[in-house]
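Work through the exercises below with the structure open. Try each task before reading its solution.

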Amino acid sequence: QKISIATLLAQHQMARLVIDFEKKTDRLPEEKSDGGDFNELGYPDFRWEMKLRQIEIPAPSLPEEEGGEIVSKIVQSITQRISEATRELKLTIYWKELDSENSIEITTHLVQTAGGAVQVKGAAS
């Protein structure tokens, strides 16, 4: 039952965080941490922590052939721009059960576009 509650709270908080980032018209921060609880929702035994960080996407290795240097520079430039615009958002929900603290973690990726931040991929563990 606690895992089900934590999962629903995680979905709720992730949606709030993504909406908050989408409302920003400036660039996403390179790094940010935050946290809180769910007292206002009636779940005082649950809390959350969020970490946003810029990710580094490595440029792929390309075979050396005629004109390969130009293609390689173009691919590196594109990869660098994607890395600069992409952030990993990890949300962890914690709760105590008996004498131990349990948690679930959800990870998603945000990409800064001309119109704001857009959620592109998520995973849970």
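**Exercise 1. Find which residues Glu88 touches, leaving out those up to four places away in sequence.**

Solution. Take contact as heavy atoms within 4.5 Å. Glu88 then touches Lys51, Leu52, Arg53, Ile55, Thr107, Thr108 and His109. Last, classify Glu88: its relative accessibility is 11%, so Glu88 counts as buried (buried is under 20% relative accessible area, exposed over 50%, partly exposed in between, with a 1.4 Å probe and protein chains only).

The model is predicted: local features need pLDDT of at least 70, side-chain atom pairs count only at pLDDT 80 or more, and totals for chains, interfaces and linings use all residues. Residues are numbered from 1 along each chain as its sequence is written, and side-chain values use heavy atoms, without hydrogens and water.

**Exercise 2. Name the members of the largest nonpolar core that touch the most other members.**

Solution. A nonpolar core joins buried Ala, Val, Leu, Ile, Met, Phe, Trp, Tyr and Cys residues through side-chain atoms within 4.5 Å. Among 21 residues, the answer is Phe46, Met50, Leu89, Leu91 and Ile93. At least two core residues come from each of α1 (2–23), β2 (43–54), β3 and β4 (100–113). α1 gives the largest share, eight residues. Now check Leu91: beyond four places in sequence, its contacts include Ala10, Met14, Leu17, Trp48, Met50 and Ile104.

**Exercise 3. Is Ile78 buried or partly exposed?**

Solution. Locate Ile78 in helix α2, residues 68–85. Its relative accessible area is 49%, so Ile78 is partly exposed.

Note on methods:
Helices (H or I, at least four residues) and strands (E, at least two) are DSSP runs, numbered from the N terminus.
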